[in-house]
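Let's walk through a protein model together, one question at a time. Have the structure open beside you as you read.

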Amino acid sequence: MSRPPEDRGAELRALFFESAYELLQALNEGGLQLETHPGDEEVLRGVRRAVHTLKGDAAACGFAQLSELAHQLEEVLTPEVVQSRGAGIAEIVLSAADIFGTMLFAYERNSEPRSGIHLQKMIRDLLEGPSSKKDLTAHEAHGSQIAATFAWTEYEQLMISEAVHRGESVYNLALRVDPNSLMRAAAFQLIRNVLHGSGTVIALRPEDNIAAATVEVVEAALATKFTAEALAQRCRIPAIVSDVRIERAGISEHELLDDLLEVQANLAHAEHPDDPAPAAGSAIGAAVTAITETSLRVDAARIDAVMNLVGELIIGRSMLNRTLAEFDKSHARDPVRTKLADAMAFQTRVLDELHKCVLKIRMVPVEQLFRRFPRVVRDVAKQCGKDVALQVTGQNTDLDKGILDSLAEPLMHLVRNAVDHGIDPVDERVAAGKPARGTVFLNAFHQGAQVVIEVRDDGRGMDTNNLRAQAVEKAILKQEEATRLSEQEVLNLIFEPGFSTATAVTEVSGRGVGMDVVRSAMGKLKGTVHVSTQLGKGTTIQLRAPLTLASIQTLLFRVGGRLFAVPLSSVVEITRIREDEIHMVDQREILRLRDQLLTLVRLNRLDHIHAVAAPPAAPTKKTRFVIVIGAAEKRFGLLVDSLVGEEELVIKALPSDIVSSDLVSGASILGDGTVVLILNVPAVVSRFSKALPMEAIA
Amino acid sequence: MPQFAALQRKDNKSVRYLVVDDSVFARKNLIKMIQTFGGEVAGEAGDGLTAIAEFNRTKPDIVLMDITMPQMEGIEAVERIVRQHSDARIVMVSSVGYQENILAALQKGAKHFVQKPVKAEVLYEILRYVLSDDPAAAGAPTVLAGEHA
């Protein structure tokens, strides 16, 4: 057929695309129906009709390649072929719809879809016989299971297509990082080295070593002179990369065609023609979802920038609030006052909503982190010769992406520990009347403004007396100190550097990373770790982290004329005491609060946070406020001069050259411009409990 | 210890190794493994400076390099060796705690790394991989595992 005259061309083209996309939709629906009812002849006829129409329309518009391809598909959609291929035909229909879609897309932009002959030949191979294309190597079929998006930016796509135009071969690579690799950042660096040594890296995800610490799949676009086979060999780096997927980049029909061929290969291998390999289904599923994907990849820095601006807005709002309060006083009768108040209330509501929305952008389900653990547990259990099941709950719990990423390493350590040390050997378990198969539980939930992640095992638990003995043996504690420690304090010893409870150093443990790594990682997040154990029953370790790092509810107070804040989540209660109720015990100030002894802390004694050194005056009847603060299991009382109130503060990180103390976790600015220091509660607790005599603190 | 097919050079000669570690025990351990892979020890060194001298003297096929050593750390030794011999094949040997250093060594041109405690089968695969990456034979990497020695 020939092209229509030019004047009618544009109109016809528009009409063609409109109807073609409808036909594609029909193909997709038909494909899905064929998946559930493989033999449905009515559906098949519908699909065939759609393909036939597309063929004719495409030919009429002069889109020869599309027309030819549709023709070939039409030929195969006969009841006989369907009978011999079974449900597999559905996948072919769906993939064909995708290929047609990308071709239409190219035509619409007046570019010719590339490599038509190649495409047709492969389709023909595909249609002629299931065994004709068996030479796909096993790893490629296998590797297709790696979920990869290859969501390159427009710039990167441009670079790819330019490289293709220059005649270079460009591949999209997805490399699965070996889940056993403990040094993710180093592993990523090595992958990077290999990629750079194999050609020109056009695009790479993740982009830096820090982000790589939690990533399971590295994606790259590479222009290279190697063949796909040689490239795969180079990329299969022992101990680093466990799986490789390679596909040609730049020509989108190609990718989809590869998928189509994989379906073919899988069908050829399938024992029952009506039972297609699940891998094939997922590969095609990924191809389909890739097209309907509505989510957006955004640079995290941009979100942070928005977040910062919202933070500034919140500060701005409290400035306005203050000004409004002053205005209220001076113009009590001014009618403008209520108008301003209304406007303010409206603005507050919207701003709160905005703040929530922005925080939500960064929130991801903890499932992203949890999903790697079934494999880890299996592997570690195998290494230790144990039989261990993993039970995961609460995987839909949301938390900040940044926090999630920082939790990855400590959690990995805890889970490995639980399997290696926590779960007892089978014979011990059976002797103790427990099921032979051990279980590790991973759980996540929200509690207030915190997220709690729990690693629990039903193993042997920890013997606190044993821990005491170890501490003495390792000269961490003296005998009398060890006996004086509470059970909880003894358990916390496992977080001390160099303290290992394993009697034997196994392959899994004894790698030079201890629980102290877990604690310091949590400290950086302004979170806590809590251990509890029951001898013979198991151990539970709780990681608590703030839901988001951006803003927190705080309690403001003054000490020595300076303004401080503590996170409201760590305040247990506030009480009022007389100074003569304070007792000195063992050079510490102690308060008896409802039959409980509470250690008191004066901020002006703790450190050089500020220089106002009010000497402990002679006990008077003067009343003081005490804020009772809880961090993990520890409680202490903070003696303050006055309470200021609650306030939502946007935390600004302090550069370490300005504040050298770890006792302060950040600062914030109030509406009137006052700077508030936010106390790092866990650090205050540990500083105070370490510095025994009070003189040593000053 | 399991049996391994001998790793060989392209010219069918045995692979020559330089083993660098400040712990004699660690060196002996590595050497034992290398020998089961059919390799030959070209030299040993207990610190970075000696390692450089030994490299220049013996021109080994592979260097196994510890990270923390007296005199000169592994990273600096890597940097100096690679500056003179860009085709040097250096495999870092280190425990997990030194990830930062391994990262630096990889950036300076080390070819691979292996975690301590070293497992023979892992080291074997890594060496096989590193040996197969022959710059002269780009495009057609060959696996150099010969018959069982």
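Q: How many bridges join strand 3 of chain B to strand 4 of chain B?
A: Strand 3 covers residues 62-66 of chain B and strand 4 covers residues 90-94, and the two run parallel. Strands here are DSSP runs of E with at least two residues, helices are runs of H or I with at least four, and both are numbered from the N terminus. Two strands pair if DSSP finds at least two bridges between them. For strands 3 and 4 of chain B, the number of bridges is four.

Before going on, a word on the model. This is a predicted model, in which local features need pLDDT of at least 70, side-chain atom pairs count only at pLDDT 80 or more, and totals for chains, interfaces and linings use all residues. Residues are numbered from 1 along each chain as its sequence is written, chains are lettered from A and ligands numbered from 1 in the order in which they are written, and side-chain values use heavy atoms, with hydrogens and water left out.

Q: Which residue in strand 4 of chain B stands opposite D66(B)?
A: Look along strand 4 of chain B, residues 90-94. The residue opposite D66(B) is V93(B).

Q: Which strands are the edge strands of the sheet in chain B?
A: Five strands of chain B form an open sheet with parallel pairing, in the order 2-1-3-4-5. An edge strand pairs on one side only. The edge strands are strand 2 (40-45) and strand 5 (112-115) of chain B.

Q: What angle does the direction of helix 5 of chain B make with that of strand 5 of chain B?
A: Helix 5 (residues 120-132) packs on the sheet, touching strands 1, 3, 4 and 5 of chain B (contact means heavy atoms within 4.5 Å). Axes are lines fitted to C-alpha atoms, for helices over the stretch in contact, and angles run from 0 to 180 degrees between N-to-C directions. The angle is about 175 degrees.

Q: What pattern does chain B follow along the sequence?
A: Chain B has five helices and five strands. Read in order, they give β-α-β-α-β-α-β-α-β-α.

Q: Is V628(A) buried or exposed?
A: V628(A) lies in strand 18 (residues 623-631) of chain A. Its contacts beyond four places in sequence include L593(A), L598(A) and F636(A). Buried means under 20% relative accessible area, exposed over 50%, and partly exposed in between (1.4 Å probe, protein chains only). With a relative accessible area of 3%, V628(A) is buried.
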